[in-house]
Amino acid sequence: VTRFLVRRLAWALFVLWLVVSAVFMLVHVVGDPAVATLGEKASGQQIAQFRAQHGLDRPLGERYVTYLTSLITLELGSSYQDGRAVTDLIATRLPRTVLLGGMALAIELLLGLGLGVLAAVQRGRWADTLASMIGLVGISAPTFVTGLLFLGYFAVRLNWFPVGGYGAGFWEHVWHAFLPALTLAITGIATYARVVRGELLEALDSDYVRTARAKGLGPFRVLLAHGLRNALVPVVVMLGVSLRVLVSGAIVTETIFAWPGMGRLAVESIGGLDLPVVMALVFVASAIVQLGSLLADLAVAALDPRVRDA
Amino acid sequence: MRWILAASAFLVLAGCPAMPDGPRYRGHGSDTPRHGGTLMLADESRVRTLDPQVATDTVSQALIEMLFEPLYAYDHAMNLVPRVASALPEVSSDGLAFTVPIRGDIHFHSGRLLTPDDVVYAFERMLQPETGSSAAPLYAAIDGFAEFRAKKSPHVRGIRRRGDQVEIRLTRPDQSFVHLLGMRVLTPVARENVAALGADFARRPDGTGPFRLVSWDAGVRLVLERNPGYHQKGLPYLDRVIYQEGVSSDTAFLRFRNGQLDVVTRMTPADRALLTGSSKWRPFMQRSPTIDVWALFMNCEIAPFTNVHVRRAVAFAIDRERWAKARSGSLAPTGQMLPPAIMGYDANLPNQQRFDPEQAKRELALAGYPDGLPEPVTMWVSDQPKARIYGALAQADLAKVGIQVELKPVSFPIYLASTATRGRVQMFAGGWIMDYPDPSNFLALLDSRGIAATHSNNKAFYTNPELDALLDAALIERDAQKRAALYREANDIVARDAPWAFFANQSVPQAWQPYVRGYRPHPASWLPINDVWLDLPRERVQ
């Protein structure tokens with residue numbers, strides 16, 4: 001188990017290094033942050049002053065080493081745009097994205113599993129058709145379309161929810177997060193429903209379920225104890241994938257719903273080439289995704305010894 | 001079961017109220033201004049700083065206007081009006097000294113009286129290189145500017161307090177200087193507040209304006225409340241202002257239609273069309289008279305734009321009316337550099353650029369290309385949506401006269417840096433939004449002495465000694481009529497030589513809720529809310 005853990009951890013760190021290094025090189029060739037920050041009316045002298053002040057006049061290799069050191073020491077500098085400490089920015093924005101992502105994940109699991117089970121049990125009947133329809137829409141409709149539709153319909157037309165924003169106080173945050181979380185969760189709901197339906201149908205047709213039924217177990221117990229339990233392994237694997245989708249989906253969803261989390265900060269920072277913030281966000285987002293994958297792998301290994309011993 | 005499902009879905013949809021086609025709320029019906037209420041504002045941009053000496057972006061400046069009183073401001077007709085100053089500046093007979101009398105009844109939010117020393121301090125703070133104000137180089141004519149910037153002197157020799165006045169001395173006459181006194185970067189700040197807060201001054205400054213800052217949840221909202229000690233008695237009317245940051249234009253517009261936002265200033269073309277097409281919204285809309293100019297910039301150092309006739313061909317090929325329609329009425333077509341509100345503008349300018357495709361072909365023939373240009377020209381477009389639209393429009397119009405255009409899409413930061421680099425960009429669509437309402441602020445962009453290898457001020461790399469001489473003469477001319485004539489001549493030369501093919505002044509509509517009273521878009525102020533009052537309680541109509 002320790003060997004598996006060490007191997008998996010080393011891999012996660014390697015991927016993390018690869019991602020931040022690639023993005024570092026990429027953002028340093030897409031334009032001059034000094035011009036992007038100071039605007040076109042800045043003089044050459046001001047641009048030079050800005051570049052010297054932020055070390056942008058030093059060789060790329062030197063900047064790369066400084067960047068890696070800053071990641072290790074967690075001294076991430078301050079934003080070019082408004083001078084705020086990057087660690088403060090992340091510390092403020094991360095919990096908001098976690099709240100949004102957490103709610104989205106809960107909705108995904110609740111509705112996804114529910115629909116999947118319903119579709120399997122009602123195979124070929126109306127619930128199955130409904131689940132397929134939701135699946136089709138959820139997987140194919142882009143987030144920015146569903147997001148705007150939800151806003152236009154539930155918030156403006158029906159006036160049930162606020163038109164984006166964050167609110168004041170925890171419960172208001174939750175209330176404001178509902179529509180964006182639902183938007184983020186749509187793809188996940190569809191995917192979970194499909195997987196659970198497929199796995200359950202396979203399980204319900206299997207010999208051990210037939211045996212359980214023959215032994216006189218009730219249908220509910222058969223479904224939960226024998227069917228759903230076996231269908232959960234792929235769901236756990238998918239949790240890791242979900243995290244990736246939630247992190248990337250947050251960029252669009254937070255922008256549409258004016259949710260002040262990491263996704264929107266990313267949009268603002270990338271647009272203005274605010275390198276310290278962009279690089280810190282890439283690091284945090286990759287770390288979250290890697291952590292998610294790691295936890296999912298560990299969970300699967302715990303559930304399935306074949307993975308652990310491979 | 002399927003039928004039941006379909007029927008319930010239909011009933012749910014049919015039972016929903018429709019999207020409002022006009023304002024959701026109206027005012028109570030009062031015509032007398034009253035105090036109270038909270039004005040809700042939002043925009044996609046984050047407020048970068050509340051430091052008046054540093055802010056250059058529109059949003060930060062708008063918030064600073066609410067929190068601070070500037071030295072001078074502009075009225076709707078763009079006349080300079082005193083604010084912290086008690087009168088317009090007095091100019092000495094040699095045109096070198098400007099005396100600004102300072103009011104003695106303005107207090108900071110902390111309660112301390114503002115003095116002429118605060119004005120001098122803000123001036124020097126803005127000029128200090130460490131402050132990083134991009135406006136500082138504009139004040140190079142002040143006596144002692146260079147020594148102060150080079151740290152050879154602790155103070156600027158030419159800026160002094162004299163009793164309840166501040167005197168500014170220049171080394172050379174500059175008739176545009178009076179407008180520089182109207183720039184927001186000179187807004188007085190409290191020295192002790194800057195010293196105590198350091199970098200935090202930009203986030204919770206002590207101001208003198210109609211509102212004071214209550215809280216700023218970064219990236220979410222700023223809450224402002226009425227300053228009861230504001231020197232203009234009775235103002236402001238609003239109790240609170242909430243500015244929400246980072247709300248995309250789409251979302252802001254939905255909120256506006258829902259009555260959750262009181263003023264909307266940025267709209268997509270579709271949203272603009274929706275409001276202008278509604279008779280219910282039309283009374284609550286007005287075009288914002290921004291003072292700017294937009295054009296196709298042609299690099300006069302790169303062929304074929306080294307030839308004036310090719311440049312003129314481009315200027316004649318642009319169908320400006322069509323461009324305005326393509327932008328849903330947010331553009332007012334123009335064929336000259338100076339906007340209508342600026343001295344030197346002439347609606348009947350002799351060489352004013354205009355749409356004439358046949359003349360464009362004749363100009364190409366004069367340039368030696370009777371069958372059109374043999375090679376395509378490359379137009380750089382940034383990733384901003386309107387830049388892509390301008391690219392497509394230019395491509396279509398120029399192709400009709402025999403100029404093929406290849407678009408080169410680049411990110412906005414690359415676009416900014418490249419267009420200011422000598423010898424790099426052949427053509428691009430760009431513009432200029434005024435810093436101060438003087439023709440020199442526009443025409444200096446084509447002064448050959450502004451050409452540099454990088455960060456060039458003159459991005460068309462246009463050289464004309466005749467224009468340079470005219471601009472020098474106009475800058476020191478004290479007779480207003482003669483000065484206007486000089487700028488008109490310069491404006492005409494630029495239209496004739498066409499380093500820029502002008503196409504429009506922006507004219508972006510703003511809209512407000514029916515219960516928002518006294519709101520009037522301003523040419524130099526993005527959210528002018530000083531006189532705004534709310535006709536409350538509002539009543540729901542849709």
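Helices (H or I, at least four residues) and strands (E, at least two) are DSSP runs, numbered from the N terminus. I work from a predicted model, in which local features need pLDDT of at least 70, side-chain atom pairs count only at pLDDT 80 or more, and totals for chains, interfaces and linings use all residues. Residues are numbered from 1 along each chain as its sequence is written, chains are lettered from A and ligands numbered from 1 in the order in which they are written, and side-chain values use heavy atoms, with hydrogens and water left out.

**Cis peptides**

I looked up the cis peptide bonds in chain B. One joins Leu235(B) to Pro236(B), with omega about -10°. I place Pro236(B) in the loop between β10 (221-226) and β11 (240-244) of chain B. Another joins Ala303(B) to Pro304(B), with omega about 5°. Here the proline, Pro304(B), sits in the loop between β14 (292-298) and α9 of chain B.

**Positive phi**

I note that most residues other than glycine have a negative phi, and most peptide bonds are trans. Ala258(A), not a glycine, has a positive phi of about 50°. I find Ala258(A) in the loop between α10 and α11 (262-271) of chain A. Ala258(A) counts as buried, at 4% relative accessibility. Buried means under 20% relative accessible area, exposed over 50%, and partly exposed in between (1.4 Å probe, protein chains only). Phe461(B) likewise has a positive phi of about 50° without being a glycine. I find Phe461(B) in the loop between α14 and α15 of chain B, and at 1% relative accessibility Phe461(B) is buried.

**Helix α16 of chain B**

I followed α16(B) over residues 480-497. This helix has 18 residues and reaches 26 Å from first C-alpha to last, close to the 26 Å expected at 1.5 Å a residue (1.5 Å times one less than the number of residues). At its start, a side-chain oxygen of Asp479(B) comes to within 2.9 Å of the backbone nitrogen of Gln481(B). The buried residues of α16(B) include Arg483(B), Leu486(B), Tyr487(B) and Asp497(B). I see the buried residues of α16(B) pack against α9 (308-317), α14 (440-443), α15 (465-476) and β19 (500-506) of chain B; contact means heavy atoms within 4.5 Å. Ala498(B) follows α16(B), with a positive phi near 50°.

**Helix α7 of chain A**

I noted that Phe144(A) is found in helix α7 of chain A.

Conventions: A polar contact is a pair of N or O atoms within 3.5 Å; within protein, one must be able to donate a hydrogen and the other to accept it, and residues adjacent in sequence count only if both atoms are side-chain atoms.
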